[in-house]
Amino acid sequence: MRKCCSIVLVILGCIVVSSCASVGNNKTLYFAHSLPTSHPVHKGILVMQEVLNEKSEGKLQIKIFPDGQLGSEREALELLQIGSIAMTKVSASALSNFVPEYQITVIPYLFRDSEHLFKNLEGEVGKQMLASGTEYLLRGVCFYDAGARSFYTKDRPVYSPDDLEGLKVRVQNDQMSVDMANTLGASATPMAFGELYTALQQNVVDGAENNIPSFVSSNHFEVCKYYIFDEHTMVPDVVIIGTKFWNLLSDEEKGWLDAAAKESVAKQKQFWQETIEENMKMLREEGVEFIYPEKEPFVKKSKPVMERLMKDPKLKPIIDKINAN
Ligand code: GCU
């Protein structure tokens with residue numbers, strides 16, 4: 001049923017978007033993403049929508065399809081490439097299947113903390129990454145804060161990588177995420193985010209890994225009672241516009257969109273912090289056990305992931321730059 005609606009919406013989207021883009025003064029950019037509307041990333045996108053509307057006096061608008069209404073992150077990226085929708089927000093992991101540079105963001109313990117992460121994402125490295133998508137018809141607009149990802153499990157507490165042995169852990173659908181979880185000792189099970197709640201409930205997997213706001217807004221905490229703060233990766237979220245649509249915009253319209261994105265980035269970081277605080281309080285009340293393991297064994301065991309990527313002559317200089325920053 002959902003698939004059916006999605007197809008109808010996409011067809012509608014094609015008609016509305018392309019006619020708006022080519023005819024009148026007003027344009028509407030269709031924007032799909034997979035997170036629920038309570039999520040701080042969705043709230044960031046709402047700011048982008050509002051600011052764009054104000055700046056353009058309604059001439060350039062965004063219409064949002066949240067909650068995976070138009071499909072998974074992979075499907076949304078494909079819709080962008082074929083020009084059916086204009087924009088999406090995905091995890092940089094999902095993007096790494098399409099644009100190799102984003103694989104770097106999935107290296108465990110590469111970013112030392114949030115400050116180091118944003119110093120890179122908002123500096124030369126980030127600019128280069130956002131631009132690298134153009135070759136694949138996926139132009140980066142901005143990065144959103146997606147905090148740190150940690151493991152969570154149904155029945156087994158995890159204190160060290162040894163405890164991950166034999167655990168089926170859902171990861172995102174990309175090679176780097178699979179490699180990360182397997183290298184740490186788990187049995188990586190890639191699947192789309194939207195399928196995970198049922199998979200956890202039905203014991204298809206024993207756990208997963210994500211940031212706190214996604215753990216909460218997806219209701220996975222109802223099924224998983226251990227959240228382990230190993231913080232193995234800091235994979236950001238990325239807003240993307242299809243180059244086809246970007247090229248249809250005038251310089252003035254591009255300016256409005258960039259300005260709206262910039263304002264949304266600052267606000268989204270605030271939403272993120274506020275949400276973490278509220279979520280942690282709620283999780284404690286719900287009886288989720290927080291485990292703060294010693295990080296060193298995780299750091300050590302995951303080292304080969306970075307070593308493997310360093311063999312790529314295109315990626316090595318970027319990794320070196322991040323490490324030196
Ligand atoms: C994060 C990210 C999503 C992604 C999800 C996942 O929540 O913000 O874009 O879909 O992780 O694990 O798939």
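1. Contact here means heavy atoms within 4.5 Å. Keep that cut-off in mind for the helix pair and the domains below. The model is predicted.

2. Start with helices H7 and H12. H7 covers residues 175–183 and H12 covers residues 296–310. Which residues of H7 meet H12? They are Met176, Asp179, Met180 and Thr183. On the H12 side, the partners are Lys301, Ser302, Pro304, Val305, Arg308 and Leu309. By class, the residues of this contact divide into five nonpolar, two polar and three charged.

3. Now the geometry. Two packed helices are described by the angle between their axes and the distance between the axes. For H7 and H12 the angle is about 145 degrees. Their axes are 8 Å apart.

4. Next, the overall layout. The protein chain is divided into two domains, and each is written as two stretches of residues. Domain 1 takes 2–145 + 236–277. Domain 2 takes 149–234 + 278–324. Over C-alpha atoms, the centres of the two domains are 24 Å apart. How many residues of domain 1 are in contact with domain 2? The count is 39, and they touch 37 residues of domain 2.

5. Where does the ligand lie? It lies between domain 1 and domain 2, because both give residues to the shell around it. That shell is made of Ser34, Leu35, Glu73, Lys89, Ser91, Arg149, Arg170, Gln172, Phe193, Asn210, Ser214 and Asp237. By class, the shell has two nonpolar, five polar and five charged residues.

6. Glu73 has a polar side-chain atom 2.5 Å from an oxygen atom of the ligand. Ser214 also places a polar side-chain atom 2.5 Å from a ligand oxygen. For Asp237, an N or O atom of the side chain is 2.8 Å from an oxygen atom of the ligand. How much of the ligand does the protein bury? Taken alone, the ligand exposes 320 Å², and the protein buries 98% of that.

Note on methods:
Residues are numbered from 1 along each chain as its sequence is written. This is a predicted model: local features need pLDDT of at least 70, side-chain atom pairs count only at pLDDT 80 or more; totals for chains, interfaces and linings use all residues. Side-chain values use heavy atoms; hydrogens and water are left out. A residue is near a molecule or strand if one of its heavy atoms lies within 4 Å of it. A polar contact is a pair of N or O atoms within 3.5 Å; within protein, one must be able to donate a hydrogen and the other to accept it, and residues adjacent in sequence count only if both atoms are side-chain atoms. Accessible areas come from the Shrake-Rupley method with a 1.4 Å probe; for residues, only the protein chains shown count as cover. Ala, Val, Leu, Ile, Met, Phe, Trp, Tyr, Cys and Pro count as nonpolar, Asp, Glu, Lys and Arg as charged, and the others, Gly among them, as polar. Domain bounds come from an automatic or database domain assignment. Axes are lines fitted to C-alpha atoms, for helices over the stretch in contact, and angles run from 0 to 180 degrees between N-to-C directions. Helices (H or I, at least four residues) and strands (E, at least two) are DSSP runs, numbered from the N terminus.
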